Amino acid sequence: MNEPIVLDAFYRYGFEGHDMFAVRAPAAMSAAAEGLVGRVVRIGDGLHRVVGVRRRMTGPISAGEPIGLEVEA
């Protein structure tokens with residue numbers, strides 16, 4: 001089993017009925033964020049499974065870029 005990816009959140013929010021966290025991308029990745037979707041992340045004291053990534057930009061995600069993670073608890 002993979003260890004959770006540890007992320008620091010800027011803030012938690014809701015978007016169109018989805019539970020979201022604003023975070024910095026931990027690494028460069030494709031726009032589909034295959035490296036995060038389906039993985040478990042640790043944000044603060046909580047563990048969350050990443051359901052999707054939402055952002056305003058298109059194209060590849062840069063390391064450190066602010067992104068929105070849609071999560072399930």
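Q: Within this predicted model, which relative accessible areas count as buried, partly exposed or exposed?
A: A residue with under 20% relative accessible area is buried, and one with over 50% is exposed. Values in between are called partly exposed. D19, at 27% relative accessibility, therefore counts as partly exposed.

Q: How many salt bridges does the structure hold, and how far apart are the closest N and O atoms of R12 and D19?
A: A salt bridge requires a side-chain nitrogen of Lys or Arg within 4 Å of a carboxyl oxygen of Asp or Glu. The structure holds 3 salt bridges. In one of them, R12, partly exposed with a relative accessible area of 47%, is joined to D19, and the closest N and O atoms are 2.5 Å apart.

Q: Which residue forms a salt bridge with E70, and is E70 buried or exposed?
A: E70 has 14% relative accessibility, so E70 counts as buried. Its salt-bridge partner has its closest N or O atom 3.5 Å away. This pair links distant parts of the chain, 16 residues apart, with E70 in strand 6 (residues 66–72) and its partner in strand 5 (residues 46–54). The partner is R54.

Q: Where do R55 and E65 lie?
A: The side chains of R55 and E65 meet in a salt bridge of 2.8 Å, N to O. The pair ties together parts that are 10 residues apart in sequence, because R55 and E65 each lie in the loop between strand 5 and strand 6.

Q: What kind of aromatic pair do Y11 and Y13 form?
A: A search of the whole structure finds 1 aromatic pair. Its members are Y11 and Y13, at 5.5 Å centre to centre, with 55° between the planes. Planes under 30 degrees apart count as stacked and those over 60 as edge-to-face, so the rest are tilted. The pair of Y11 and Y13 is accordingly tilted.

Q: Which strands stand at the edges of the sheet?
A: The open sheet is formed by 6 strands in the order 1-4-5-6-3-2, and the pairing is mixed. Each edge strand has a single partner strand, so one side of each is left without a neighbour in the sheet. The edge strands are strand 1 (5–7) and strand 2 (9–15).

Q: In strand 4, what is the bridge partner of L7?
A: Strand 1 and strand 4 (residues 40–43) pair in the parallel sense over 3 bridges. For L7, the bridge partner in strand 4 is I43.

Note on methods
Residues are numbered from 1 along each chain as its sequence is written. This is a predicted model: local features need pLDDT of at least 70, side-chain atom pairs count only at pLDDT 80 or more; totals for chains, interfaces and linings use all residues. Side-chain values use heavy atoms; hydrogens and water are left out. Buried means under 20% relative accessible area, exposed over 50%, partly exposed in between (1.4 Å probe, protein chains only). Helices (H or I, at least four residues) and strands (E, at least two) are DSSP runs, numbered from the N terminus. Rings of Phe, Tyr and Trp (its six-membered ring) pair if their centres lie within 6.5 Å; planes under 30 degrees apart count as stacked, over 60 as edge-to-face and the rest as tilted. Two strands pair if DSSP finds at least two bridges between them.
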